[in-house]
Every structure is written in C-alpha cells, then in structure tokens.
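User: I have this one open and would like to go through how its parts pack. Can you walk me through it?
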Amino acid sequence: MTFNDIFKSSFLENVTSISLLDMGIALVLAFCLGLFIFMVYKKTFSGVMYASSFGVTLIALTMITTLVIMAVTSNVVLSLGMVGALSIVRFRTAIKEPLDIAFLFWSIAVGIVLAAGMIPLAVIGSVVIGVVLLVFANQKSHVNPYIVVIRCSDHESEQAAKTYLDQQTERCVVKSKTVQKGEVELNLEIRLKRDNTDFINALADMAGVHSAVLVSYNGDYMS
C-alpha cells in the first residue's frame, strides 16, 4: 500500500452513492409525514400538560431516521459502525403517557420505510394509523373511573352516603378511609351509570356530609 493509497478514500465515491433527488424526495416526504404524525398527536393528546416540544420531536425523529437508514442502506460497512455507535446511546427521558410510545415508534417506522423506498407503504400506512388513532384515542365513556372524596361527621352519615352512591353509580368501591374525632373521610372509586354528575350535589346536601368532591381518575393522575 502506497502513501497515495492511504488517502485514496472512498469518501468522494460515497458522495454520489445517493442522488440529490432521492435525498430531497425522502426528506420532504419525511417532513410531511412527520407533520401529519404531529397533527394526529395534537388532536389525540389527553394527558395532563401538552408539550409542543414532543410534537416537534416526532417530526425531527422521522427525518433523522430517514437520513440514518438511507446512509445505512448505501454502505454495508457504515451500517455495522452505525449499529455499534447507536448501541452506546442511552436515553433517560421518562415517557409519561403510554400512547406517546406508539407515536415514537410510528415516527421511527415511517423514517425506516421511507428510506427503504417503500413510499406507498409509508403514506398509506400512516393515513390508516392516523385514522385509527383519531377514532379511538379520544373516545370518552361514562364508565371511566372517578374518585369521590367524602367528609362525614359520623358512622351513620357515612353509611347513608355509601348507600346513596351504590344506588346512583354502576360500581362503588372504598379505596381508603381516614377517621378522626368528629370526622370520617372516605375515598371511593366509582363508575357512572350515565354521563351525569348531578348526584354529587345531592350527596353534598345530605345530613352529616360536610363536603363531597368528584375527581376524574385514569390510574396515573387526577384532574
């Protein structure tokens, strides 16, 4: 191997391995589909606090994945190095909403499929997934769990409140009970029979009941 062979790198050859037209089409499609994913995420978000940065991340992740996969598919040696480089990356950001994981995988999958040249699969698949999420993600049901917090004066008012809730709700389960002198506090998980919360007003007006609070509950947070 001569001195010139050492500097005879394949770098310039790799420059032309992917045409500018292919790169332009792939990046434009990745941006459009990433923007579509972002809009679906915005429409279906049901968490506590909306973060626009996560939506922008979905767009960037789609485009970045497209770039990475295009580079990997054009060079076998580069693909092995890319696997080794990505294997040492660690992400510590916690995913608060389970549905966010689906959006992350959706963005990555679209980037991979686009870079592989399967444009109809990426476009049609994204449309189908988006429609499914829009139809099912935001469905509200009266059977969603609620937490009722009741403050009563004595055992008799506690039993009367519990009996009333059993009659007005589909399901009523005591989750916790705190007893102090002159006061009993109950936390009950309930399922509504219908989308009507007027019963909580009548509960608060019952004799011996100091206050009644109804809180929507999904297992992770209260709002």
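Analyst: Gladly, bearing in mind that this is a predicted model. A place to begin is the packing of helix 3 with helix 7, whose axes lie 10 Å apart at an angle of about 5°, and that angle makes helix 3 roughly parallel to helix 7.

User: Which residues make that contact?

Analyst: On the side of helix 3 the contact is made by I25, L29, L33, F36, V40, K43 and T44, and helix 7 contributes I119, A122, V123, S126, V127, G130, L133 and L134. Sorted by class, the residues in the contact of helix 3 with helix 7 are 11 nonpolar, 3 polar and 1 charged.

User: How many residues does helix 3 have, and what's buried in it?

Analyst: Helix 3 covers residues 20-44, which is 25 residues, and spans 36 Å from its first C-alpha to its last, close to the 36 Å expected at 1.5 Å a residue. Its buried residues are A26, A30, L33, G34, I37, F38, V40, Y41 and T44. As background to such a pattern, an α-helix has 3.6 residues a turn, so residues three or four places apart point the same way.

User: Back to helix 7, then: at what angle does helix 6 cross it?

Analyst: The axes of helix 6 (residues 98-115) and helix 7 (residues 119-136) cross at roughly 165° and come within 9 Å, which makes helix 6 roughly antiparallel to helix 7. The crossing of helix 6 past helix 7 is left-handed.

User: And which side chains meet there, by name and by class?

Analyst: From helix 6, L99, F103, W106, V110, V113 and L114 meet I119, L121, A122, S126, I129, G130 and L133 of helix 7. By class, that contact has 11 nonpolar, 2 polar and no charged residues.

User: Changing topic, where is L214, and what does it touch?

Analyst: L214 sits in strand 4, which runs over residues 209-216. Leaving aside residues up to four places away in sequence, L214 touches Y146, I147, V148, I190, T197 and I200. The C-alpha atoms of L214 and I147 are separated by 5.8 Å, although the two residues are 67 apart along the chain.

User: Why does L214 count as partly exposed?

Analyst: The relative accessibility of L214 is 24%, so it counts as partly exposed, given that buried means under 20% and exposed over 50%.

User: Last one: what's the overall make-up of the chain?

Analyst: The chain has 9 helices and 4 strands, in the order α-α-α-α-α-α-α-β-α-β-β-α-β from the N terminus. Of its 223 residues, 28% are buried. Among contacts in the chain with a separation of 6 or more, 71% are between residues 24 or more positions apart.

Methods
Residues are numbered from 1 along each chain as its sequence is written. This is a predicted model: local features need pLDDT of at least 70, side-chain atom pairs count only at pLDDT 80 or more; totals for chains, interfaces and linings use all residues. Side-chain values use heavy atoms; hydrogens and water are left out. Helices (H or I, at least four residues) and strands (E, at least two) are DSSP runs, numbered from the N terminus. The expected span of a helix is 1.5 Å times one less than its number of residues. Buried means under 20% relative accessible area, exposed over 50%, partly exposed in between (1.4 Å probe, protein chains only). Axes are lines fitted to C-alpha atoms, for helices over the stretch in contact, and angles run from 0 to 180 degrees between N-to-C directions. Angles under 35 degrees count as roughly parallel, over 145 as roughly antiparallel, 65 to 115 as roughly perpendicular and the rest as oblique. A crossing is left-handed if the near helix is turned anticlockwise from the far one by less than a right angle, and right-handed if clockwise. Contact means heavy atoms within 4.5 Å. Ala, Val, Leu, Ile, Met, Phe, Trp, Tyr, Cys and Pro count as nonpolar, Asp, Glu, Lys and Arg as charged, and the others, Gly among them, as polar.
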